Amino acid sequence: MTFRILRLALIAAGALVISWLLMIGLTWLGTRSESFSNVVATGTAQYFSALTIGAIYALIALGYTMVYGIIELINFAHGDVFMVGAFVAYLIFTSLGFGGAIKSIPLLIGILLLGFLVTMVVLGVLGAAIERFAYRPLRNAPRLAPLITAIGVSFILQNVVQVLISNSPVPSPQLVSLEYRFTLLGASVPLLNLLIFLVAVVLMIALQVFVGGTRLGRAMRSTAQDREAAQLMGVNINATIAITFFIGSALAGAAGLIYGLYKGNIVFNLGFDAGLKAFTAAVLGGIGNTVGAALGGFAIGFIEVAAVTTGLSRWQEALVFSVLILVLVFRPAGILGQQIGERA
Amino acid sequence: MTATAQAAPAVPETPDDVLIARSITKQFGGLVALRNIEFVIPRRAIVSLIGPNGAGKTTFFNVIAGLIPPTSGSIELSGMRLIAPARRAWLEPLLWFAPPLLVLLIGILVSGGNIQLVALWGLLALLLATLILPTAMARPAWYESFIRRLGIFRSARPNDIVRSGVGRTFQNIRLFHNMTALENVLVGMHLKLRSTPVDAVLSTPRHRAEEEEARVRAARYLELAGLRGRDDELARNLPYGDQRRLEIARALACEPVLLLLDEPTAGMNPRETGEITALIGRLRTELGLTVLLIEHDMRVVMGISDRITVLDQGERIAEGTPEEIRRNPRVIEAYLGKPPS
Amino acid sequence: MTRQRGTVEDSETGATALGSTDRLFDFFGRHRSVAIMAAMLLVAIALPLIVLAPPFSGFNTQGVWIDNFNGAGIYVLLALGLNVVVGLAGLLDLGYAAFFAIGAYTYGLLASSFYGIHVPFWPMLIVGALVAALFGIALGAPTLRLRGDYLAIVTLGFGEIVPVVFTNSDALTNGTNGISGVDRPSLPGIIFGASNPVPFYVTMVVMLTIVLILLYRLQDSRLGRAWMAIREDELAAASSGVNTITTKLLAFALGATTSGLAGVFAASRLVFVSPDQFGFTVSFTILAMVVLGGMGNIWGVAIGAFVVFIVQSVVLKQLTNFLQPLNIPFLSSIDFLQYQFLLFGIALVAMMLLRPEGLFPSSRRRRELHTAQGDDLSSPQESAEPLT
């Protein structure tokens with residue numbers, strides 16, 4: 001166990017360093033005329049935004065991968081669950097009267113903790129409810145049926161937010177002032193970026209510990225392996241699947257809150273794009289594999305920001321989807337996954 | 001591997017063998033499901049594969065049927081080497097993507113920054129790719145022989161195996177549940193029908209005649225399997241025993257040389273079992289089929305088999321006539337349990 | 001479950017003798033192409049007359065109605081094509097609008113003043129369909145090996161990329177602004193125009209009739225059976241000798257062809273093509289139509305698409321316009337169009353949970369879906385052999 005953690009940490013550290021160097025290299029490609037120190041500074045700044053965006057995708061991707069791992073369903077509504085998370089956080093903060101940056105650090109921390117807690121619980125319940133009413137009745141139906149239901153749920157979530165809150169983008173409160181910054185290698189990076197990255201990493205580690213070490217986690221893994229066998233061993237399948245949805249959706253809720261803090265701007269249909277990219281991340285990492293989903297999320301964030309630095313920002317989506325298609329064609333199991341390609 | 005050494009000697013191969021399996025090994029991760037299985041099926045024989053649960057019988061079946069590639073070893077069907085581990089498989093994607101990429105590259109170099117020209121070349125490359133990729137994925141016969149000449153070998157897929165004369169049933173019935181019995185059999189006849197989609201769209205006389213004839217023939221297969229009058233019943237509405245029969249009818253519709261039956265009498269009552277056993281016998285005498293049977297019911301196995309192969313924990317522990325197997329002490333010990341002393 | 005068997009002839013046409021309606025259909029079954037032509041002719045004449053009657057005449061004038069029918073026809077065509085992919089072959093394609101876009105842009109680029117090329121409409125119908133088919137094959141070839149839900153995501157991604165490519169390639173496609181001044185079809189003595197929707201209407205009816213006949217014939221052929229076999233159990237289909245890749249590619253190609261056809265027609269009808277006409281909402285709308293009509297059921301899907309389109313583009317719009325001046329509290333303030341996707345969403349979920357055979361199921365399909373419920377062992381996923 002300790003060896004595994006050590007190895008993971010080493011891989012993560014290596015990936016962090018290599019991707020940082022890569023980003024600087026790409027920045028140099030994008031802006032060749034600038035001086036070396038400028039390139040390093042821009043590259044570093046971009047690197048941190050890639051980490052932030054990547055963290056958001058990674059958190060969403062975890063939900064996809066967990067649900068797929070346990071019931072082999074691509075939960076199309078998951079991107080919209082993330083979007084609802086952003087709006088729930090928005091409602092919490094604005095209803096408490098916080099529309100902008102909070103100056104007092106203890107208050108800020110308190111409000112953020114409260115925000116995370118409430119958003120995650122609300123979204124977790126929402127996710128479990130979606131599972132209960134939309135997916136559970138179809139568990140033994142043909143494969144197409146729950147997929148179509150998922151699309152239906154996605155429509156419903158989007159439209160409810162659109163009708164209840166707004167048709168157009170809403171400014172979401174940026175509680176953490178962007179004035180808090182730190183300087184690294186000439187780049188001035190908002191502390192918020194680092195904070196988001198750390199929160200995401202903490203949540204992911206917590207998930208790993210939960211899945212790896214608790215009774216519920218064991219139930220989840222056994223259900224994913226063989227549902228019938230797990231049932232015979234006394235695992236409550238319905239509860240386990242519901243908990244999986246709860247956790248996945250709670251993580252998406254956290255991602256939604258973070259997204260609002262970071263972008264300062266949310267809209268009812270943001271879940272579509274984000275969901276698609278996060279799904280790509282999950283596939284990239286090997287669907288069903290939580291560590292892979294996290295890595296995939298960061299990889300997608302990186303690709304997206306790299307597209308901007310190299311002047312291809314208009315082709316962001318096309319790039320991400322090309323990656324998706326290439327991965328699925330050449331390595332359908334993803335980077336860390338087991339073989340899942342269908343043979344026929 | 002003392003166990004392999006002690007196994008009964010392999011049946012000598014003759015040119016008239018339908019299937020020759022050479023040292024088939026299949027590993028699932030650390031688990032060895034099959035270890036160096038040598039296996040020969042003579043033409044028009046009924047050969048049974050028996051062994052306790054988990055002995056690797058169904059795995060062996062799936063290897064023969066092209067559903068899972070063996071870790072090592074090869075299988076020849078009617079003298080054609082169809083299944084073996086892939087060789088130089090990495091070359092193949094290069095083959096697909098090199099020509100379009102080359103065209104694109106030439107296009108970029110030739111058109112000197114004129115974006116519209118580049119786009120035209122790109123379209124050309126795309127056209128090329130749309131011609132190559134589907135062919136490569138569908139793997140028609142000429143494509144197979146072409147890549148084989150390049151030294152690339154990939155095992156035949158299930159449908160190729162069917163084409164070379166193997167029909168099969170599944171241990172847990174796999175019918176097309178929302179199609180009628182007749183339609184199920186018609187799907188089995190897929191490779192025997194010649195009319196193209198264009199024929200169908202134009203409703204050519206050839207197509208209509210073929211369809212008409214196919215339905216008559218399909219009905220005959222149903223009748224042969226004992227499903228007379230069940231033509232229009234949806235497969236899912238058939239009783240269990242009839243579903244098993246329908247699977248056999250569908251497999252027969254492939255007009256196989258070799259029929260693989262995976263526990264055809266599982267879950268049947270003695271009367272039904274007797275009927276299926278009689279049917280299997282008739283398949284050989286009337287249709288000249290070779291049958292490979294996985295079966296748990298010893299009365300069925302001992303009654304109709306010419307030869308029996310016994311697997312235990314992925315290894316072949318015995319091979320011989322029913323009489324020999326009945327007397328083989330290893331079989332009695334490993335499979336039937338130690339005799340009461 | 002035993003039921004009365006039909007005659008020998010019945011069993012050979014695959015039809016059954018259940019009631020008088022079925023017997024009528026059985027008669028038409030043997031001359032189905034004639035039946036389809038007769039039905040389409042009847043509908044084509046009846047529709048413009050029905051809208052002159054009170055409840056419908058209140059919505060629009062007859063001309064506008066016919067124009068709406070042309071729009072509905074496009075979606076019927078699209079839904080029929082998607083039905084082959086989703087309903088018959090069981091492949092979930094979520095980026096279907098991409099092929100619609102490709103068909104429309106093929107026509108827009110080759111029949112407008114944008115490049116100064118003016119290929120006539122009629123050959124372009126075939127060219128547009130073929131180009132779309134080519135793209136369908138290009139996308140399908142590398143991805144059809146994947147399991148179904150991956151295919152859904154890849155097609156979703158493709159559906160997103162195609163409009164992005166059309167938007168970003170300013171030099172080639174005029175970017176966001178799109179291509180205006182696309183040619184209308186021309187026939188000697190007949191004017192296809194915005195004010196004269198009848199020639200378009202006739203064209204659409206003819207196209208739909210041909211496509212319907214074609215689809216029915218394919219459905220009952222070896223290929224159609226192979227599609228259904230793949231939908232039911234891909235592994236068993238392969239073990240019956242069906243080349244699953246070729247078969248799925250053909251479904252994809254045929255779906256794309258129909259979509260391309262619709263694209264060419266749509267471009268010439270609106271005389272304008274732009275990337276935002278082909279967003280994912282279009283793909284999802286078509287999917288909703290197919291699901292509501294009853295997956296795999298050709299007539300059901302056609303009717304479903306027609307009804308959904310009319311509800312969406314006529315009824316909801318007119319209802320809003322109608323209620324607004326009445327000043328009924330609450331009701332008058334609702335913009336029904338805003339709820340369109342909410343309705344779709346609820347409809348999709350409800351359909352899957354309560355009525356998976358669609359709103360307009362054929363009697364046979366209803367039998368299939370209601371006879372053996374709870375028969376969960378038959379799901380191929382549940383009974384999959386340990387292959388990997």
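**Figure 1. The interface of chain B and chain C.** In this predicted model, 57 residues of chain B are in contact with 57 residues of chain C, where contact means heavy atoms within 4.5 Å. The size of an interface is often given as the accessible area lost when the parts come together. Between chain B and chain C the buried area is about 5300 Å², and carbon and sulfur atoms give 57% of it. Buried area here is the accessible area (1.4 Å probe) that two parts lose on being put together, summed over both. On the chain B side, Arg174(B), His190(B) and Asp232(B) lose the most area to chain C, together 13% of what that side buries.

The model is a predicted one, in which local features need pLDDT of at least 70, side-chain atom pairs count only at pLDDT 80 or more, and totals for chains, interfaces and linings use all residues. Residues are numbered from 1 along each chain as its sequence is written, chains are lettered from A and ligands numbered from 1 in the order in which they are written, and side-chain values use heavy atoms, with hydrogens and water left out.

**Figure 2. Helix H4 of chain B against helix H7 of chain C.** H4(B), residues 115–138, packs on H7(C) at an angle of about 45 degrees, with the two axes 8 Å apart. Helices (H or I, at least four residues) and strands (E, at least two) are DSSP runs, numbered from the N terminus. Axes are lines fitted to C-alpha atoms, for helices over the stretch in contact, and angles run from 0 to 180 degrees between N-to-C directions. This angle makes H4(B) oblique to H7(C). Angles under 35 degrees count as roughly parallel, over 145 as roughly antiparallel, 65 to 115 as roughly perpendicular and the rest as oblique. H4(B) and H7(C) cross in the left-handed sense; a crossing is left-handed if the near helix is turned anticlockwise from the far one by less than a right angle, and right-handed if clockwise. H4(B) contributes Leu126(B), Leu127(B), Thr130(B), Leu133(B), Pro134(B) and Met137(B) to the contact, and the residues from H7(C) include Leu134(C), Phe135(C) and Ile137(C). By class, this contact has 11 nonpolar residues, 1 polar and no charged. Ala, Val, Leu, Ile, Met, Phe, Trp, Tyr, Cys and Pro count as nonpolar, Asp, Glu, Lys and Arg as charged, and the others, Gly among them, as polar.

**Figure 3. Helices H7 and H13 of chain C.** H7(C) (residues 121–143) and H13(C) (residues 244–270) pack at an angle of about 140 degrees, and their axes lie 7 Å apart. The two helices are therefore oblique to each other. Their crossing is right-handed. Among the residues that meet are Gly128(C), Ala132(C) and Gly136(C) in H7(C), and Ala253(C), Ala256(C) and Gly260(C) in H13(C). The residues of this contact divide into 16 nonpolar, 6 polar and no charged.

**Figure 4. The sheet of 4 strands in chain B.** This open sheet has the order E2-E1-E4-E5 and antiparallel pairing. Two strands pair if DSSP finds at least two bridges between them. Strands E2 (31–42) and E5 (80–83) of chain B stand at the edges with a single partner strand each, so one side of each has no neighbour in the sheet. From one strand to the next, the twist averages 25 degrees. Strand E1 (residues 17–28) of chain B pairs with E2(B) over 8 bridges, and Leu19(B) stands opposite Ile41(B). The hairpin of E1(B) and E2(B) has 2 residues between the strands, and Gly29(B) takes a positive phi near 60 degrees there. Strand E4 (residues 72–77) of chain B is joined to E5(B) by 3 bridges, with Leu77(B) opposite Met80(B).

**Figure 5. The sheet of 6 strands in chain B.** The order of this open sheet is E6-E7-E8-E3-E9-E10, with mixed pairing. The twist averages 20 degrees from one strand to the next. Strands E3 (residues 46–50) and E8 (residues 290–294) of chain B run parallel and are joined by 4 bridges. Ile46(B) has Val291(B) in E8(B) as its bridge partner.
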